[in-house]
Amino acid sequence: MPSLLLTGVAVFKYAVDILSGCIEENKGLSEGLLDILLLPLLPAAKTENSAAYKVVATVLRACADAVQPMLCKVIGEMLCCTDGAEHSHNLEISEELYPLIYELHRVLPQSMRDILPLLTQQLKMEEADIRTKATLLLGKLYTSKVVDCVSENPKEFKEFLGRLNDQYALIRKEMVDVCVSLLKEQPNMVSVIEEHLVKRLRDSEEDIRIKTVTVLLSFAADNLRGLQIDTYEQIASRAVDKKFEVRKAVLVGLSKLYSRHVVAHLSPLDKVRLSDADSLALHVDRDVLKRLQDVPAMVIKSWGFPDTVTKHLVVQLLQEQLLYCLKKRNGANGASTDSEAASEEEEKPDSSALRASALVYLYSSLQSKEEFDGLTAILSFKRRVNEDLADFLSNRATDVGRGRTSGASDDDQFGNTKASLQKLLQLIPLTDKKAGLERIVSNKDKAIYRLLDAAVGTSDTIEEALAHRDDLVKRLDSKTVLAEYFHIVYDFSGPLLCNSTMLEHIFDAMIALDLKDYQSTLCDLLTMLAQVQPKLFHGIGGKLVDWLELAVPLSQSEKSKKHGLRARNMEKFTVTILHISKHIDDSSKLVALTKQLLSHLKEASTPSAGSKLAEVLLHLSITTPAETSRSNIQDLMTRFVKDICKRDTLNVKNSRITTLLSTLASLFTVPSSAYLNMEVGRICAKSLMQSLTPVRGNVMQFILHDVLAKDTEIETKIHAMMLFTAVVASEEECKQIQEMDDLKDRFSPTAALQPRLSINPAMGSAEYDGLVNMLFEVIETNGAKLNGQDVDASSDEQNELFTQAATCVILLMKTKKFADTIEVSQWTELANAFVVDNQETRRRLLSALTAVLSIHSVHPRFLCYPCLFANDTSEISDQAQSALVFAIRRLRRTHDEIETKLLTAEDTDARSRYETMASNTMPEKILPYLLYLLSYHPNFPSSVKTETESDKKAMRQLVKCVRSLFDALQATLRKESNLPFLFKQINQICQSYVDRIDESNIGLHFVTRLASKILQEQIRTSDNVQAFPGPVPLPSELYKRSKAGDAQKALERTVEMVTGAVDALEETDLAIRQAIQAGKSRARAPAATMAAPLSPVATGKASPGSSSKKRSKKSLSPLFEDEGDEEEEDYKDKKRRKIASKPRSSPTVKVDRSKKVAEPAEAPTRALPRRSAKVAVKYAEAEESDREAEQWNEEAGRQHRRSGGSSRDRLSGERARPQQVTSSARRSTTASSPDVSPVLSPIRPQEEEEEEVDIFAESLAVPRRNRSDASESRSAFDVLVGDIGKDDSTNKVRPIVTY
Amino acid sequence: MVKEAKTVFDTNVTSLVGKKTELANYLKSLYGELVKVEQDVDTAPKGFATLVPQLINAKILENPDKEIRLSAGMCMCEVLRIYVPDSPWGNEDMLRVFMLFIALIRGLETQNVTSPMGEKMLLILKSLAEVQSCRVPVIMAESGVPRADDVMDELFRTVIQIIRPDHSPEGKHGSYCPRCCSRALQCSNTRWTS
């Protein structure tokens, strides 16, 4: 009796035999029979009756040859009808066609050879649904293990891969999935797939980009060399993806690869001979390095993203992946899931050595400035968090102690702690506002604070730090926002990136090992760490001295030779010393260090090295805390100075004379650290005088008689000039410091502005004047003359001399004496230096200017210099703008403090002094200086015709210069408005002031006009246009009141002299508007071609500082005349004039902005020479004047035709209706002061002005007059203040300044 | 023995049609004899030729008794075996016979093959498979015999339908199947031929 199983199998076998027999007999298969056979293969049937499926499968396999033709035919027909067309086949089958085909590939693999091409055709269908299904099926087929469809259908496979570029996202996504399977099942396919897959890294869908990154990096985890180098670059490029998840996938993935394949194979720092650049990575495969060497740079660059999440990720990756990390963790977060090979290795004893090695290697792999800056920024940020956290913990400890005694409530008790927490929150903002972070303040768990203390420390190893962090998070309940936040804080603050042990390893390596190529890297790394993480050096600063004993001086011993610092590295290292000297606890070590440095200084071979070493020594001499040590150091330095200032040493024949001069210049320069506080300043002054006084005579004798007066090398002269400047400037600074100390007043860096200081003019006064004259002589002659002698040198050397002279002048800016005595001509001459053609020179001068502005509060007239860089390269202009904003902010703060003192001062003298000081420190006072300076700018447009591109460009540049100042002024304000003050300044210049030196400088008024229009952009509320109530004095050395009492009359006359000036100025207005608009819309311009110097030789302008007759020797001081009385008179006078004035022509005719100015057919033919308007006014050649008159006539006709009115309407001043005040601001202003019209009517939007043109043209019916009538009827005053309206009823011209 | 055989083959089957028990017994006897006959019609016993047409009597083919129909079907299978490669009946009758076969083996869908009826159904199936008489409708369809297509379709459908999950050689006892399969078939043959 056969069992059930066996008889069942018999049924199976008989069924197969029957069906196979029938099919064989049939020599094929009818469609009906095929349908019957296929039905059991459908998914539902297969699930229901797998035996039937197997019967059919067996039958089909057995009769493959007989079945296949019909099978392919039927499937082909059904595939053709997938778009809904009718067919005669079984509906059930056609609906489940794709699953059926998949089953067929398993049952009858050979059929795929015919079916795949049919399916591939489906990929070209328009219907996305069909393409999707076909893609899904093909994906399964190509990844199937049953049959190698890829090899058998290469053409179709290529077509299939093309779907990675399908327009339908779902298909692309599926394709990426297919690639996952393909790469998993057939890694050798990567060469075919990679190229297509990489393109999806730039897919528009975030999911696809993430998936692609994941696919590629997952594959790379096991087959690092399987992917091309280019693919890694492409993946890395996604590190700047706009979506965080993509960036995270890239950063985490690549970092893990780097950790596993690079970091894990680095040699420990203490076991390697650092004799060649790659010795650390000796055991890292070259191919791996080629692919992953840029990973650290990529991670560091991601620090630039502003969000905390990305920043935290970057720090985590740096700390836990890119540097060696032993600790196993179980994937608590994305960046720490490294339960992979690296962490699976046997634990090694000293992770700090390995991490030090990884840090050095990482640092050596950075290349660009951006990368180094990035790492510096990360470490700086960590330090700030560390400091803030330390503050928080300190405040809490204090608050807790105070609370115990006072028994205050939590709010009262923890006020300081909460404030510290807020500070921390500002640094690391919290995305989730419902955090309830303040619970941390009153947390009673002492362990939490013990752990946070560890985060502030510097000694924990990575394992300890991570353990502490995890413990902290656990104690704060890891799911809470509080725990997450302090997890981030711990990562930012803790010593996870670099600890003091790692630093010790680096020092040990430097002491014990032969440094060569790594010397520079290690020096740079230590310098950087010293700058941004000086705390790390606490307690190990002595190691630096130990090492320097080996490295410096360069003795003959083999050991010293081995460790000898190269000169350039010594320069870098001096910066390190500068930053960590305060962490060297042992004073004797500091003295030893000084000796080392002095001995090295004796050997210094370059001026730069000498200069930097001298800076460090000076720093040590004033910052060493122990007085005895400091005194020793100062004595050492004094002796050193005496030694090198001996006649036989300080000699032009000495081959090291330039180094000596440079060294002395640095030793005699007051360092920035002297301005830290009064005590340091006093020490510095004393130290400097102690060194300088004994040798001053020798030094000055040498400079003036041996170098500058004789025919010596130009380089020597330059260094002598710099030393001269250093001596004179430091004496002035020391005097200031001393005087301030005597006054017992609060020390302030605004020394240059303190009028109470009485400078003794006798001390070095002649030398001072001589120096200033000499420097300006160099500047004026572009380095061709020095000390009255022609400089026989190459153009490069002359340029260097010019640059250094300008730098010296900039250094003098910090002295009050310079601010007090500089002449207008010198002031403008210095501006010349900032607009020279040589970009490197400009950059260097800006650096010098920035350095001065960052430490010293200089006179406002010098603060307009940064504006001259507004058209330079973005790097330079940004730097200049930052410096300007910084300086103005400080000046404003000073002004505010003085104002506060003024309010509380009771003494009349004190009040008077404070009033003057407050007036002088008002940042808005920079504006008149800038306007004046710009009126002599070589790019100053002709103001009449701005048709050519160069004119337009010049206009735009001018706008940028003015705007840079306004932007800086606005950036430093909080809520208050400075517009009324600025408007008043502008209006005063427009109405009743002229250039003191050159009255005919109409250009000044053009720039003022332009400034007023730019200023109008900033009007937001009616308060902005309120008249400023008090007097606004203008710099008397630059401006003077017009003789007639109304400066515009003079201008009116001068404009009338030029035929057609009416239209011309309107053109100018148009050009101003266009330039302003262009400035708004234009992205930052590329490196602008800087104009020729301001010298009148180049521009034809009469510079007040030139050697022309108009050159003024008038000193710029006093800064501002007290013109309060004049102002009063001026006001009364205006009121009288207003009442008595008659209706005058008005410049109401506007040029339609939409109209294009006629372009010249050929090269721009200028109607007026390309000079200032001032020159244009004087232009008197009949021929060109006639030509211009014709042009104006033509233009007037064109305008008339466009506007539909008659030219007389526009040209007739009498008919010109006063402008209506339409803006709310103007209404408000008028309402608030009925007798006062708005100062500057152009505050109205431009559209209104244009509209007014048309209305006027049609409504006014005044007899047409010829052009000369028009010019007569329209005064120059009207031209200049063209937009300013008149009173509607009286038709009287409103005064420009009305307050 | 000879007498008995003679009785079987010489019996007028039509006369037994109304007698259920006798007919059933007779058909059992007949099947027992038929299996002994060689697969050569020329060597068939006397009376065999007369008997064959009687077997396809409508009252037998459409007999309400399933046992009778099964026994008849088994006999017809044997007749087909003996006649191979010739056809014992005309086209129409042949189609009727196959319709009977189809109807009978469809019982396997519900019947266990170890049951008495199931065993008979399996025998019919086995005969169709081994003798390959299943090809007859195919040949007929190719020859253009009306309704032969339908019969063939029905045969396919039925053969597939009767397969149950436990029939699979790779079922839950699939690991035994490869080696058991041939033995099972052997046993099956032995039993029904012994």
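Which residues in α33(A) meet α34(A), and which residues in α34(A) do they meet? In this predicted model, the α33(A) side consists of A:Leu590, A:Leu593, A:Thr594, A:Leu597, A:Leu598, A:His600 and A:Leu601. They meet A:Gly610, A:Leu613, A:Ala614, A:Val616, A:Leu617 and A:Leu620 in α34(A). By class, this contact has ten nonpolar residues, three polar residues and no charged ones. Helix α33 of chain A covers residues 587-603, and helix α34 of chain A covers residues 607-623. Their axes lie 10 Å apart, and the packing angle is about 160°. An angle over 145 degrees counts as roughly antiparallel. The two helices, α33(A) and α34(A), are therefore roughly antiparallel to each other. The crossing of α33(A) past α34(A) is left-handed.

A second pair in chain A is formed by helix α49 (residues 979-992) and helix α50 (residues 1002-1016). These helices pack at an angle of about 155°, with their axes 9 Å apart. Therefore α49(A) and α50(A) are also described as roughly antiparallel to each other. A left-handed crossing takes α49(A) past α50(A). From α49(A), the contact draws on A:Leu979, A:Leu982, A:Phe983, A:Ile986, A:Ile989 and A:Cys990. From α50(A) come A:Leu1004, A:His1005, A:Thr1008, A:Ala1011, A:Ser1012, A:Leu1015 and A:Gln1016. Nine residues of this contact are nonpolar and four are polar, with no charged residue.

Chain B supplies a further pair. Helix α7 (residues 91-105) of chain B packs with helix α9 (residues 135-142) of chain B at an angle of about 140°. The axes of these two helices are 10 Å apart. That angle makes α7(B) oblique to α9(B). The crossing of α7(B) past α9(B) is left-handed. B:Asn91, B:Met94, B:Leu95 and B:Phe98 in α7(B) meet B:Val136, B:Pro137 and B:Met140 in α9(B). Six residues of the contact are nonpolar, one is polar and none is charged.

Across the whole structure, the search finds 16 cavities of 30 Å³ or more. The largest cavity holds about 110 Å³ of space. Its lining has 15 residues. Nearest the centre of the largest cavity lie A:Asn386, A:Ser493, A:Cys498, A:Gln533 and A:Leu536. Helix α22 (residues 369-406) of chain A gives the most to this lining, with four residues. By class, the lining of the largest cavity divides into six nonpolar, six polar and three charged residues.

Key. Residues are numbered from 1 along each chain as its sequence is written. Chains are lettered from A and ligands numbered from 1 in the order in which they are written. This is a predicted model: local features need pLDDT of at least 70, side-chain atom pairs count only at pLDDT 80 or more; totals for chains, interfaces and linings use all residues. Side-chain values use heavy atoms; hydrogens and water are left out. On a 1 Å grid over the protein atoms alone, a cavity is a set of points where a 1.4 Å probe fits but cannot get out, and a pocket is an open set with protein on both sides within 12 Å along at least five of seven lines; lining residues have an atom within 4 Å of a point. Grid points are joined across faces, edges and corners, and a volume is the space filled by probe spheres set on the points. Ala, Val, Leu, Ile, Met, Phe, Trp, Tyr, Cys and Pro count as nonpolar, Asp, Glu, Lys and Arg as charged, and the others, Gly among them, as polar. Axes are lines fitted to C-alpha atoms, for helices over the stretch in contact, and angles run from 0 to 180 degrees between N-to-C directions. Angles under 35 degrees count as roughly parallel, over 145 as roughly antiparallel, 65 to 115 as roughly perpendicular and the rest as oblique. A crossing is left-handed if the near helix is turned anticlockwise from the far one by less than a right angle, and right-handed if clockwise. Contact means heavy atoms within 4.5 Å.
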